[in-house]
Amino acid sequence: LNNGTNGWLSFNCPFCDHSRNKRKCAVHVEFQIIKCWECGYKDTAHSFVMTTNKISYKSAIDLIGAYKGKFNISRATPLPTIGKTVSSVSLPLSYTPIMHGESIIATRARNYLEDRKLNLSVLDRLGVGYCTDPKDPYFGYIIFPFKHRGVLTYYIGRDYLGNYLRYKNPLTSEVGLGKTEVLYNEDALDICNVIFITEGIFDALTMGKYGVSLQGWAMSTTQQTKLLHSGVKELCFIPDVGYYKQCVQIASKFIGHKNVRVLPIDILKHLGKDANDIGAGAIIELYKQTPLLDYSMVIDILNA
């Protein structure tokens, strides 16, 4: 690595350099982003390390942690923090990565996710897991970590064993913020030009690294500000049946700041019950056919 400026360290791209020593690839150590100015590759640091080294998510995080702080980097003025700063969030004590363990509950957790058409290997790379101790308050819940720039910021639990609550979220007093102050897959705001915004986490996971979820169709000021301040050029909203107008109202706040699309609900409801049911391929094809949202369209939709 060559010492860089503005927080970037340059190196040869493993995907396109081919021993030319052009050093067109760079890593931003603080923001945990890898970008190549030659081939256009852009992803999070842990995804890059997992891909190039063929190692697990945990091994990638450990490897990155061993390198962070070893470089004397000339940084530009740091970006302002949006929302609350959380110094430390810990996963439940008996949290176990989804691909670990052979117990009945481990098998049921994996079967539940596969029934939702999700790839277990991908989920394992994202740090998704479950809890093994029956005394753990999150026992019987799939644990979905929320991370941004290599830091755990939040997590939610989704029931798969018939608990009273479908979702179990940590208390604000425990982690310093609530679900309305975070976005699932916030890293997408740093690496993607287009993102697909959904209500729930399963729909976001269906859209891969481009999927971001709000955990409800009531966008907070913090969530809105994060999206407005991001480098994302286009927001595509995937509405749920019954919440179409609420989704359009939220999307309308970004007109004039970003390109905005809201997928037509009359077509979506004929394709399936949600993005997870429909699949990423069909969602992307519909996105290509959907015009950009403007104020006249918003008025027509809300008055219909």
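Begin at the largest cavity, which has a volume of about 50 Å³ in this predicted model. The count of cavities of 30 Å³ or more comes to one.

Select the lining next: Ile238, Pro239, Asp240, Val241, Ile265, Leu268, Lys269, Gly272, Lys273, Asp274, Ala275 and Ile278. Two or more of these residues come from each of helix 10 (265-271) and helix 11 (275-278). Helix 10 contributes the most, with three residues. Colour the lining by type and it divides into seven nonpolar, one polar and four charged residues.

Now select Ile283. Leaving aside neighbours within four places in sequence, Ile283 is in contact with Phe196, Met207, Ile238, Leu263, Leu268, Ala275 and Ile278. Among these contacts, Ile238, Leu268, Ala275 and Ile278 also line the largest cavity.

The last stop is Asp190, in helix 6 (residues 188-191). Is Asp190 buried or exposed? Its relative accessibility is 18%, so Asp190 counts as buried, the cut-off being under 20%. Show the residues around Asp190: not counting those up to four places away in sequence, Asp190 touches Ile33, Lys42, His148 and Arg149.

Key:
Residues numbered from 1 in each chain as written. Predicted model: local features only at pLDDT ≥ 70, side-chain atom pairs only at ≥ 80, totals over all residues. Heavy atoms only, no water. Helix = DSSP H or I, 4+ residues; strand = E, 2+ residues; numbered from the N terminus. Buried < 20%, exposed > 50% of the residue type's maximum accessible area, 1.4 Å probe, protein only. Contact = heavy atoms within 4.5 Å. 1 Å grid on protein atoms, 1.4 Å probe; cavity = no way out; pocket = protein on both sides within 12 Å on 5 of 7 lines; lining within 4 Å. Points joined across faces, edges and corners; volume = space filled by probe spheres on them. Nonpolar A, V, L, I, M, F, W, Y, C, P; charged D, E, K, R; others polar.
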